[in-house]
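Biologist: Please take me through this model. I want each label tested against its definition.

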Amino acid sequence: MALRNIKNLAPLLDRVLVQRIKPETKTSSGIYLPESSVKDINQAKVLAVGPGALDKNGNKIPMSVQPGDKVLIPQFGGSPVKVGEEEYALFRDSEILAKINE
């Protein structure tokens, strides 16, 4: 069964669903960059978060990010999820490197 809509995917435990932010293909002066010169950036937007993991006593550990947050993710890792032509990734909350405050 193929997933048709990313909104149907709900992360479990301490998982975070993110989508990488695509790098700019045009400079501020309007010059278009070739695809070979544009590399992936490690920033992503959080789309959904799980309810949180449980500690040894059964208490829920709160998540450090929320949907809509902009985060820094590792270059490699995570579990890839593809819906149509769009690519997403699932990371554990502890794998998120930083939250970007704007």
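Modeller: Residues are numbered from 1 along each chain as its sequence is written, and side-chain values use heavy atoms, with hydrogens and water left out.

Biologist: What is the average pLDDT of the protein chain?

Modeller: The average is 83, and 81% of the residues score at least 70. pLDDT is the predictor's confidence in each residue, from 0 to 100. Strand β3 (residues 70–72) has the highest confidence, at 93. Strand β4 (residues 79–83) has the lowest, at a mean of 86. Where pLDDT is low, the predicted coordinates should not be read in detail.

Biologist: What makes β1 and β5 a pair?

Modeller: Two strands pair if DSSP finds at least two bridges between them. Strands are DSSP runs (E, at least two residues), numbered from the N terminus. Four bridges join β1 (residues 15–20) to β5 (residues 86–92), so the pair qualifies. The two run antiparallel. V18 has A89 in β5 as its bridge partner.

Biologist: How many bridges join β4 to β5?

Modeller: Five, and these strands also run antiparallel. P80 stands opposite A89 in β5. β4 and β5 form a hairpin with two residues between them. In that turn, G84 has a positive phi of about 65°.

Biologist: Why is the contact between R92 and D14 called a salt bridge?

Modeller: A salt bridge needs a side-chain nitrogen of Lys or Arg within 4 Å of a carboxyl oxygen of Asp or Glu. The closest N and O atoms of R92 and D14 are 3.0 Å apart, so the contact counts. The pair links distant parts of the chain: R92 lies in β5 and D14 in the segment before β1, 78 residues apart. R15 also forms a salt bridge with D14, at 3.8 Å.

Biologist: Why is D14 called buried?

Modeller: Buried means under 20% relative accessible area, exposed over 50%, and partly exposed in between (1.4 Å probe, protein chains only). D14 has 13%, so D14 is buried. R15, at 27%, is partly exposed. R92 is partly exposed too, at 35%.

Biologist: Which residue forms a salt bridge with K99?

Modeller: D69, with the closest N and O atoms 3.5 Å apart. K99 is in strand β6 (residues 98–100), and D69 is in the loop between β2 (43–49) and β3. D69 has a relative accessible area of 16%, so D69 is buried. K99, at 43%, is partly exposed.

Definitions and conventions:
Predicted model: local features only at pLDDT ≥ 70, side-chain atom pairs only at ≥ 80, totals over all residues.
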